[in-house]
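Student: I am new to this structure and would like a close look at one part of it. Could you walk me through the charged side chains and how they pair up?

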Amino acid sequence: MFQRKLLSASLLLALTTPVHAAESADVAKLRKEIEAMRANYESRIQALEKRLETAEARSTAPAVAVAPSVAPATVTEPAVAAPQAAPVAAAPQSSDSAFNPAISLILAGQYTYTKRDPANYAITGFPVPSDAEIGPGDRGFNLGESELGLSANIDHRFRGVANIALHGDNSLSVEEAYVQTMGLDHGLGLKVGRYLSGIGYLNETHAHTWDFVDAPLAYQAFVGGQYGDDGVQLRWLAPTDTYFEFGAELGRGRAFPGSDAGGNGAGGGAVYGHIGGDIGESHSWRAGLSYLQARAKEQAWEAADLAGNSVSNAFTGDTRLWIADFVWKWAPMGNATLQNFKLQGEYLRRSQKGDLAYDTAGANSSDAYRSTQSGWYLQGIYQFMPQWRVGLRGEQLQHGTVDYGLNAASLAASSYDPARASLMLDYNPSEFSRIRLQFTRDLSREGLADSQAFIQYQMSLGAHGAHTY
């Protein structure tokens, strides 16, 4: 800092020293060069100071109660900071109120326009349970999903987090409620309770931090929008310069593609690894590979038979899901305040094996079922000026191979590949507020192309925690 002040003083002296009114062209050129040097020097110092502040905040964060991710990802967060190590032991609390939880509230809502009736929404060739969150949602004005978050350090060993979803139909649901350890040795971290799984890239992030109004088609078709479970999660962060993390989960398997069978054993499990790092001062990246296995028992599927009638089927069997993800971020000299860019993509491949009961309310014909299907999305988000971002997302599902066995006499495998394209523009007055406009061309339903438009707001009240990479 001393050198910085000294250079600034020298530059000021050089610029304020009187010169003859008829100064030469060489002196004028020298002044311009000095101005350019000072601007470049100041921007580099600001970028380095911001990165230092971020690193210091992350290394000391466990010493106080940290809120869950509660506000939209903003133009002010460093875009190239690589993922950091797991929390270490917290310092002793120093006040009577230190253990009070940090409270946050995300207020969200939107206006939705669709050409087609969303009540009849389905993804052709990809049946999902009726309670899965797919499609554009209700038409017109609606509250959407708001979120109440509470978090605090319980003591020097444990931290607790709860996120309660407030739905537009006046219902509540527990999105997350878990306890995690702090200060375990050798880079280990343990989480117990209900949590969003660490598979893939997008799955673990809360909806209010997404870059688009809705989840990609592949996430909707394969995990019902977002996969969470009740169980135990173990993570290990390698003590290396290059970021490397390994995680494993074992749980109840309560959510699609699993189902809550109510048994004593585990109904689902997952393993994943992530690697990443910086490239120079302006670029950073992260890549990952994930595997999820879940068991379903008499999981209800809605589908259309060969005559076009809607029938209820029931699947019992295993689902295996592979996810490959990649994220690359750019911000000039590590400073994301003015400009930044993010390229994000994931590829998902699912295989199912078991038995399918056709028309459970009528014929109730059961036979073997096999399928292998896949999907992907790719999106780019560009902050072209402070507070303003624009994004484009393309996505598609591949119908793959589906074998209904004897039930092929009543059910036909589709050869259609659903797809969508979305364009969004959002305005972020601060890190606590966001207004978004999105247009989508939806080709999820064969022969029923849909044009959709969304106006969304997201407002954050209360504690504001750091966002994930």
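**Charged pairs up close**

Tutor: Happy to! Let's start with Arg254, which is partly exposed because its relative accessibility is 27%. Keep in mind as we go that this is a predicted model. The side chain of Arg254 forms a salt bridge with that of Asp230, at 3.2 Å from N to O. This pair joins distant parts of the chain: Asp230 sits in strand β7 (residues 228-237), while Arg254 is in the loop between β8 and β9, 24 residues away. Asp230 also counts as partly exposed, with a relative accessibility of 24%.

In general, side chains of opposite charge can pair when their charged atoms come close.

Now look at another pair, Arg252 and Asp260, whose side chains meet in a salt bridge at 2.6 Å, N to O. Arg252 has 38% relative accessibility, so it is partly exposed. Asp260 is partly exposed too, at 43%.

While you are in this part of the model, find Pro257, which belongs to the loop between β8 (243-251) and β9 (268-279). The peptide bond leading from Phe256 into Pro257 is cis, and its omega is near 20°.

Asp214 and Arg420 make a salt bridge through their side chains, at 3.0 Å from N to O. Here 206 residues separate the partners: Asp214 is in the loop between β6 (188-196) and α3 (217-223), and Arg420 is in strand β15 (residues 419-430). Asp214 is buried because its relative accessibility is 9%, and Arg420 is buried as well, with a relative accessible area of 4%.

Salt bridges can also join into a network. One such network links Asp211, Lys342, Arg389, Asp426, Arg434 and Arg436. Pick out Arg434 from that group: its place is in strand β16 (residues 433-443). With a relative accessible area of 1%, Arg434 is buried. The side chain of Arg434 also has a polar contact with the side chain of Asn428, at 2.8 Å.

To set these pairs in the whole model, a search of the structure finds 17 salt bridges. The chain has 3 helices and 17 strands, and 44% of its 469 residues are buried. Among contacts with a separation of 6 or more, 66% are between residues 24 or more positions apart.

Notes: Residues numbered from 1 in each chain as written. Predicted model: local features only at pLDDT ≥ 70, side-chain atom pairs only at ≥ 80, totals over all residues. Heavy atoms only, no water. Helix = DSSP H or I, 4+ residues; strand = E, 2+ residues; numbered from the N terminus. Buried < 20%, exposed > 50% of the residue type's maximum accessible area, 1.4 Å probe, protein only. Contact = heavy atoms within 4.5 Å. Polar contact = N/O pair within 3.5 Å; in protein donor to acceptor, adjacent residues only side chain to side chain. Salt bridge = Lys/Arg side-chain N within 4 Å of Asp/Glu carboxyl O.
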